Amino acid sequence: MDRKVGICAVAQTHFQRNKWDQRFQNMALEVLESLQQQTGVDFSEDKGIDMSISCSDDMFDARTISDNGLTDVLGGHFRCEEKIAQEGIQALYYGLAAIRSGHADVVLLLGHCKESQGKSRNRVTHLAFDPFYTRPVGLDFCVGAGLQAQAYGEKSGITDDHLAKIVVRARKMAANNPNQPDTQQVTAEEVMASAFLADPIRTLHAYPVSDGAVGMILAAEDRVREFTDTPVWITGVGNSMDSFFLGDRDLASSVALKAAAGRAYKRAGIRDPKSAFDVKEVCDQYAYQLPMWMEGLGLIQEGRGARWVDDQEWDKTNVNISGGMLAGNPLLLGGFVRAAEAALQLKGEAGSRQVKNARTALAHGVMGPAGQFHSVVTLERD
Amino acid sequence: MDHKKREYTMTIDTKDCFTIEGKLALPYQYFAGRTGSRFITSLRDNKKIMGLECKHCNKVFVPPRSTCEVCFEDISENWVDLPNTGIVTGFTIVRYEEPHQPVKPPYITALVKLDKADTPFAHIVKGIPLSKMKTGLRVEAVFAKRTTATIMDIDHFRPIKEGPSFKLGYSYDALEVGMSDSFTKTISETDVYLFAGISGDFNPMHMNEEFAKTTPMGTRIAHGALPQCLIAPVLGMKLPGLGTIALEVTTRFKAPTYFGDTITATGEVVEKLPERRWVRMALTFTNQKNELVAEGSALVLPPPSMP
């Protein structure tokens, strides 16, 4: 069955340092109700949601089967209910596969995370490592990022100065994004004066701890118009997973990202990614990742990361107009929110951060230590 | 952590918002697999680091795995012993504190590629100032005193001291005829008594002033070999210097050395013997009045040249 899949609606909560007055179920419900309000969709058997795919993580929620706590929000007792525990953008891939295979016509995607509830997210990501060779050495995602930032810095010539520019710009953009109400503006001097976490990564180079939820309604081509007049079509997807052990990989050059992007571009029929997208949303968990992923995605020439930051081409080429992940999304939802932001731009619903006449977009997600697992999604509107 | 908690309660109105303190803790046994078990037990019992080699890809993996991830060949029997030395291919300095860390921050987490292995693995590096840490550093494993049966049976890696830590003297090639150096020392009564003890020569001409008055010198004199000894610090520590082997020293005594005399022993390169790469040196011993006390020659083997 070969039918297009469209994003009908997007909803997200505010992403805040600590949503102390909401349980994750409340956040998820807020998203579901917004999606229902926008599309009129329900869980009715003939024309409602066929399948719900949630994204959450047992360790971040400190409970097993983390979707089990919100089966009612997901409509689990009505229909097929699935969970992915990777980067939230996988829910989009999964929903796409379900619709294209003919198993479902209308799919609800819903991701949540309250990073604030864990004492430390490093303690959560530490558990992603094996208990024999890497946990005893004390690895967590922040150490992994430090190793990669050092390797990429040595190769690319990205300096502390470049990294500060990236953070300042991300926060400036986020000021335009009402979903990031907690964002504080910083100067380059403040960034460069912030303490090191894992050299060369400084405190302000890291994505902030935040809580929030995000969701989408996907529908098959022939059903899309029941829910929206402005569908955003998913034209390509690509995933790739690099080796588990950090030492098995070339940390300075993202092999997995190139493979993921190559797959997505091939499916979308894109030959020249540099000119293919009006809007790009890239998952920058740490400042060094923005130029590194831009190179890996083929959106700038390989080895030009430092120059790209110097030239500040990001505004005119519409990279991370939302502020990106540096402005604040939970680890699990970074890519999912990137896809949501890209879709809002193409739907013309991005408010004060709207890019005029945006017709094509790229969204990127990443999970695992030092960019182990990458996902690339390409989007287009009519 | 108390600080964080205080911040939490200060900034939040907790009225009608109750938070339960929780903790996931799950005692558990992880099976390391047959391949992992062999690696861990050989590290634990024999302090030996082993890798697995894919002969097809010509690649040695650490930590070990039973299947080559490149060509999918079964490599589970291709164990190779690896040395304890390697090179740092990447590193970061961890500054934040977490309970899962093996040492107190700040500390260095590095990717270490053992010699003869192809995949680096993450470990701790100690014994180098944080500001001096660099990729390319040569390191060696320091094994833990007590086993934990994990990768931490290697307690950490430390820098290998490159080359000798002493600066060797002039090599054969660096020496030129005419180069000279000397050592000067005042000979005291104590020196003479110590030398008597060392040599067993308690001859009253060195020990007994009343007896010495009856000798042609009319007073005590130092042992003849005592000023001659002063050439040793020249040959061994100055010219050629550290690493020199003395093959032959001959001297002729020319004048007595009295207590309180200041003797200067001088060595001068007079001949290079290319066949054996030996050097002949002329020796002179003078006192504070510039009188020749003794003269002679030495044959030495200079130290090898520094890498």
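Biologist: In this predicted model, which loop of chain A holds Pro200(A)?

Modeller: Pro200(A) sits in a loop of chain A. That loop runs between strand 5 (196-198) and strand 6 (201-202).

Biologist: What is omega at the cis peptide bond that joins Asp199(A) and Pro200(A)?

Modeller: Most peptide bonds are trans. The bond that joins Asp199(A) and Pro200(A) is cis, with an omega of about 5°.

Biologist: Where in chain B is Pro106(B) found, and which residue is joined to Pro106(B) by a cis peptide bond?

Modeller: Pro106(B) is found in the loop between strand 4 (85-94) and strand 5 (107-114) of chain B. Omega is about 0° for the cis peptide bond in question, and the residue joined to Pro106(B) is Pro105(B).

Biologist: Is Phe72(B) buried or exposed?

Modeller: Phe72(B) lies in the loop between strand 2 (59-61) and strand 3 (79-82) of chain B. Its phi is positive, about 65°, although Phe72(B) is not a glycine. Phe72(B) has 10 C-beta neighbours inside 10 Å, so it counts as exposed.

Biologist: How many other C-beta atoms lie within 10 Å of Arg277(B)?

Modeller: Arg277(B) is placed in the loop between strand 11 (262-273) and strand 12 (278-286) of chain B. Arg277(B) is partly exposed, and the number of other C-beta atoms within 10 Å is 14.

Biologist: What is the phi of Arg277(B)?

Modeller: Most residues other than glycine have a negative phi. Arg277(B) is a residue other than glycine with a positive phi, near 60°.

Technical notes: Residues numbered from 1 in each chain as written. Chains lettered and ligands numbered in written order. Predicted model: local features only at pLDDT ≥ 70, side-chain atom pairs only at ≥ 80, totals over all residues. Helix = DSSP H or I, 4+ residues; strand = E, 2+ residues; numbered from the N terminus. Buried ≥ 20, exposed ≤ 12 C-beta atoms within 10 Å, placed from the backbone.
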